[in-house]
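Dear colleague,

I am passing the structure below to you for your records. My notes on it follow directly after.

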Amino acid sequence: MKNRELANGMTESAQHRIRAQSDPLGRLFAWLADAAAIAGGVILTCMIVMTVASIVGRALAGLGNAIAVMRVFGPVPGDFEIMSMAGAVAVAAFMPLCQQQAGHVVVDLLFRDAGPRARAAISCIGHALFVAVGALIVRSVYGGMADKLAYGETTMLLRLPAWWGYAGVMGFFALAVLIALYLAACDLRRAFAATGSR
Amino acid sequence: MSASILGLTLFAAMLVAMFLRVPIGLAMFIAGATGTLLLRSWSALVGSLKSVVYDVYATDSLAVIPIFLLMGNFAAQAGMSQALYRMAQTLLGHRRGGLAIATIGACAGFGAICGSSVATAATMGQVALPEMRRAGYAGSLSTGTLAAGGTLGILIPPSIVLVIYAILAEQNIAKLFIAAFIPGVLAALGYMAAITITVRRDPGLAPITPRASRTEILAATGAVWPVLLIFMLVIGGMYAGLFTPTEGAAVGAFGTLLLALGAGMRITGFLVCVRQTAIATAMIFFIVLGAQLFNTFMAFTQVPQLVANAIAGSGLNPWLILTLILLAYLVLGCLMDSLSMILLTIPIFFPAIMKLDFGLAPEPAAIWFGILVLIVVEVGLITPPVGMNLFVINAMAHDVPMLQTYRGVLPFVVTDIIRTIVLVAFPGITLLALRLLE
């Protein structure tokens with residue numbers, strides 16, 4: 001269909017960038033970032049379907065009280081707890097791809113006409129700063145996870161261990177940090193490369 | 001060094017870092033972390049980050065953002081952008097500048113199921129730009145129309161910027177969405193008027209295209225009913241209390257998912273939607289996280305409270321203060337992006353505005369101010385030199401120089417400013433939809 005081609009066209013450059021990573025490590029990171037994002041997307045879609053099921057169940061529960069057979073229907077129990085935990089993990093799972101595709105918002109005012117080496121240097125600084133910040137985040141969320149694990153904290157209704165969410169967020173941030181580290185190294189090499197090599 | 005001086009210093013340092021192309025979320029995070037470290041301690045920083053990161057990512061009211069983004073992506077996959085453009089084109093295409101007017105109409109329709117400006121500009125650009133260029137429309141008119149039309153993505157609910165405002169100002173998101181509707185429609189009408197006037201002054205910009213037959217109009221109109229249905233269900237259901245904002249977003253996303261599957265979306269198409277949603281979501285959440293850390297630090301320094309009190313206690317006329325605040329947004333908007341602007345300024349300006357008397361009760365005043373801020377930060381998306389929509393559209397139209405796009409978007413900016421003045425002078429227009437529904 002025509003529209004699908006158009007929509008695909010929008011990410012053509014993105015897909016191109018994924019394929020353009022020439023060394024094995026770059027390809028591995030690109031693949032991992034993509035897989036993480038897809039996992040997040042699947043979680044998000046499941047959340048959407050579950051929420052709709054819960055709404056339908058809630059509506060049918062009113063009916064079900066009148067018709068005894070339909071008592072099995074009802075809102076998904078504890079959907080709120082699943083939503084917040086799964087939501088946090090899904091959004092964190094999007095982070096590696098955003099980092100890998102340089103999807104962060106920047107004020108692109110002063111360096112629009114800068115040469116490729118200057119741009120690589122600036123990009124390198126951005127990735128390096130993310131490595132520092134991301135490492136701090138991973139370390140802190142690990143602390144939060146350790147706390148939850150030590151107290152054996154669980155959610156109210158479903159008794160899901162609270163550390164699960166923290167573990168997910170920490171893991172995906174760690175992947176984003178590794179990717180940023182790799183990209184910072186690539187940028188550094190490009191910034192110092194002889195002119196014309198890229 | 002006193003806390004407030006530290007606060008102001010780091011605020012300035014953060015802005016400098018942003019202009020040196022440090023990603024915005026990262027700049028806010030680093031400034032906030034540095035401030036917390038200097039003002040308090042390393043253990044205080046790590047201690048607060050322990051919960052802050054997870055809490056931001058698990059915030060229930062923020063979960064609507066990825067869901068709304070996915071909804072817009074599914075709608076594009078379902079061919080809704082084409083269907084909307086086709087309908088607007090058969091209805092309006094035969095007039096002078098008709099294809100541009102149709103583009104605005106289609107953007108407004110797509111805005112009703114998409115919460116992001118850049119996404120609306122990009123999606124409609126794929127459809128409308130080739131059509132306008134093929135029909136011989138001038139580059140400046142085509143790109144200007146699409147950049148401005150894209151802003152309807154956030155002006156017409158649902159709107160991600162309004163979700164953020166609702167959280168910062170602790171307002172009801174459904175009421176904000178309802179209130180945004182009439183100003184959003186006015187925006188679309190204003191843009192159409194801008195096109196009409198522009199092509200009347202310079203008919204060479206837009207050749208006339210043939211009129212569509214009645215059967216074509218009927219067929220094209222028949223294809224867009226799902227958009228209307230989903231919009232009514234999501235916004236209406238949220239406002240009526242049938243479901244929470246997250247549930248409303250989920251219903252909308254589920255609806256567009258079914259449409260996309262019906263239109264033949266398979267696994268590749270789904271992955272396209274997921275990847276685009278992923279990058280946009282991660283980018284937004286990282287900015288929100290950075291702003292959360294920075295704002296917590298700033299609140300600690302008392303700077304926002306001092307500035308808010310100084311504004312409210314300045315003795316100036318409230319309307320003058322409001323005008324100055326909106327002007328400040330217009331100026332800032334030339335350089336900054338809408339989300340970080342809202343995140344950084346609402347903690348200062350919102351309390352100040354709430355202390356002033358505009359003859360409105362607190363809640364209507366908060367809603368009215370929210371819509372005004374939404375409009376002025378949206379103008380920032382299309383004002384040179386840094387306007388996100390301009391970049392997006394210009395990147396698509398390879399043959400149109402950036403300067404032409406800047407020129408093409410000017411008439412639209414003029415209508416934005418006129419609309420802002422009207423909505424400031426008559427708060428009743430913004431609050432009308434809410435009053436009618438009560």
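In which loop of chain A is Arg159(A) found? Arg159(A) lies in the loop that runs between α6 (116-151) and α7 (163-192) of chain A. Please bear in mind that the model is predicted. The phi angle of Arg159(A) is near 55°, a positive value in a residue other than glycine. Arg159(A) has a relative accessibility of 58%, and because exposed means over 50%, this residue counts as exposed.

Chain B also has a residue with positive phi that is not a glycine: Arg21(B), at about 75°. Arg21(B) is placed in the loop between α1 (3-19) and α2 (24-39) of chain B.

Two cis peptide bonds should be noted, beginning with the bond that joins Pro157(B) and Pro158(B), where omega is about -5°. Pro158(B) sits in the loop between α8 (139-155) and α9 (160-169) of chain B. The other is the peptide bond from Pro384(B) to Pro385(B), which is cis with omega near 0°. Pro385(B) belongs to the loop between α18 (362-379) and α19 (388-396) of chain B.

The crossing of α19(B) past α20(B) is right-handed. On the α19(B) side, Leu390(B), Phe391(B) and Asn394(B) make the contact, and they meet Met402(B), Thr405(B), Tyr406(B) and Val409(B) of α20(B). Sorted by class, this contact comprises 5 nonpolar and 2 polar residues, with no charged ones.

Finally, I turn to helix α4 (residues 64-77) of chain B. Its 14 residues, at 1.5 Å a residue, should span 20 Å, and the end C-alpha atoms are 20 Å apart, which agrees with that expectation. How many of the residues of α4(B) are buried? The count is 14 of the 14, so α4(B) is largely enclosed by the rest of the structure. After α4(B) comes Gly79(B), with a positive phi near 80°.

I would be grateful if you could look over these points alongside the model.

With kind regards

Terms used: Residues are numbered from 1 along each chain as its sequence is written. Chains are lettered from A and ligands numbered from 1 in the order in which they are written. This is a predicted model: local features need pLDDT of at least 70, side-chain atom pairs count only at pLDDT 80 or more; totals for chains, interfaces and linings use all residues. Side-chain values use heavy atoms; hydrogens and water are left out. Helices (H or I, at least four residues) and strands (E, at least two) are DSSP runs, numbered from the N terminus. Buried means under 20% relative accessible area, exposed over 50%, partly exposed in between (1.4 Å probe, protein chains only). A crossing is left-handed if the near helix is turned anticlockwise from the far one by less than a right angle, and right-handed if clockwise. Contact means heavy atoms within 4.5 Å. Ala, Val, Leu, Ile, Met, Phe, Trp, Tyr, Cys and Pro count as nonpolar, Asp, Glu, Lys and Arg as charged, and the others, Gly among them, as polar. The expected span of a helix is 1.5 Å times one less than its number of residues.
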